[in-house]
Amino acid sequence: MTFKRSFAFVFSCGLAAFAVAGSSAARAAEAAAAPARPDLAKGEATSVAVCAACHANDGSRGSPANPILQGQHPEYLVKQLIEFKAGKRDNPIMRGMASALSETDMKNVAAFYASKQAKPGFAKDKALAALGEKIYRGGIAERNVPACAGCHSPNGAGIPSQYPRLSGQHADYAAAQLVAFRGGLRKNSATMTGVAAKLNDREIKAVADYTAGLH
Ligand code: HEC
Ligand code: HEC
């Protein structure tokens with residue numbers, strides 16, 4: 001009886017210890033496998049302290065030359081920051097900004113902007129936007145320009161994580177990027193260099209004006 005009871009005691013203690021060790025090992029394995037969650041509060045702190053001068057506190061409308069970041073896919077934003085830092089996307093201002101960030105900082109600030117809702121914008125020139133809509137939806141068949149909608153989605157929201165949101169973006173910024181792709185200044189996407197290579201200045205302005213008002 002005594003023997004039986006002490007055996008049962010040892011056995012159950014052993015089992016409990018095993019169960020505890022097992023669950024903490026499982027938790028450690030889970031933590032190692034799952035990527036660390038981005039820290040939105042840290043992302044906001046970076047945005048307010050460093051980025052706000054040009055991108056506004058929450059990545060919304062700043063000057064038309066500075067892109068709207070709110071509502072953009074976080075993976076796309078992180079890709080841009082890594083490529084600014086590496087000089088693959090050539091911009092002296094953003095190279096400086098991105099160089100000061102670790103990859104964790106980039107993920108945090110990108111997640112912060114992505115957590116904000118993109119606000120609708122508007123097109124400025126009706127006739128120009130109509131030409132832009134034609135190109136956006138149907139491409140230009142005779143010059144093999146693909147429809148932008150195919151990758152950036154019909155409403156311009158993009159397709160996470162590869163294809164960025166274009167809807168509501170400043171037209172000046174979007175047009176400048178298309179010119180930069182075309183001229184080889186922005187060389188971080190062979191796809192977009194190929195698309196922009198076939199567009200003339202008027203078509204670039206048209207499609208940028210159209211996407212500014214798309215939602
Ligand atoms: C002094 C102004 C300025 C500051 C400060 C600044 N940016 Fe920028 N940012 C720009 C400009 C201008 C561009 C467009 C660059 C280009 O033409 O390629 C840009 C582009 C970007 C892009 C690319 C967006 C896209 O749609 O491709 C990201 C991401 C970005 N900035 C994030 C940041 C972050 C994060 C910070 C703060 C750590 C920051 N920026 C601080 C001016 C600024
Ligand atoms: C085959 C897919 C594809 C098609 C078609 C396409 N794009 Fe893109 N576009 C991309 C990808 C991918 C990127 C992101 C490049 C990067 O990672 O830097 C991009 C980026 C852009 C950007 C830069 C966004 C920013 O925030 O800096 C603009 C502007 C743009 N595309 C406009 C257009 C327009 C206008 C058309 C149609 C004439 C078009 N795209 C057609 C794939 C495509």
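1. One convention before we start, since the tallies below rest on it: Ala, Val, Leu, Ile, Met, Phe, Trp, Tyr, Cys and Pro count as nonpolar, Asp, Glu, Lys and Arg as charged, and the others, Gly among them, as polar. Also keep in mind that this is a predicted model.

2. On that basis, the shell around ligand 2 has 14 nonpolar residues, seven polar and one charged. Out of 22 residues there, the nearest are Pro-146, Cys-148, Cys-151, Ser-189 and Val-207. Helices H7 (149–152), H8 (171–183) and H9 (190–197) are the elements that contribute two or more residues to this shell.

3. Now ligand 1. Around it sit 21 residues, with Cys-51, Cys-54, Pro-67, Asn-91 and Met-97 closest. By class, the shell splits into 15 nonpolar, five polar and one charged.

4. Which residues of H8 are buried? They are Ala-171, Ala-174, Ala-175, Gln-177, Leu-178, Phe-181 and Arg-182. Looking down the helix axis, these buried residues stay within an arc of 155°, so they line one face of H8. Their packing partners are H9 and helix H10 (201–213).

Notes
Residues are numbered from 1 along each chain as its sequence is written. Chains are lettered from A and ligands numbered from 1 in the order in which they are written. This is a predicted model: local features need pLDDT of at least 70, side-chain atom pairs count only at pLDDT 80 or more; totals for chains, interfaces and linings use all residues. A residue is near a molecule or strand if its C-beta atom, placed from the backbone, lies within 6 Å of it. Helices (H or I, at least four residues) and strands (E, at least two) are DSSP runs, numbered from the N terminus. A residue is buried if 20 or more other C-beta atoms lie within 10 Å of its own, exposed if 12 or fewer, and partly exposed in between; C-beta atoms are placed from the backbone. The arc is that of the directions from the helix axis to the C-beta atoms. Two residues are in contact if their C-beta atoms, placed from the backbone, lie within 7 Å.
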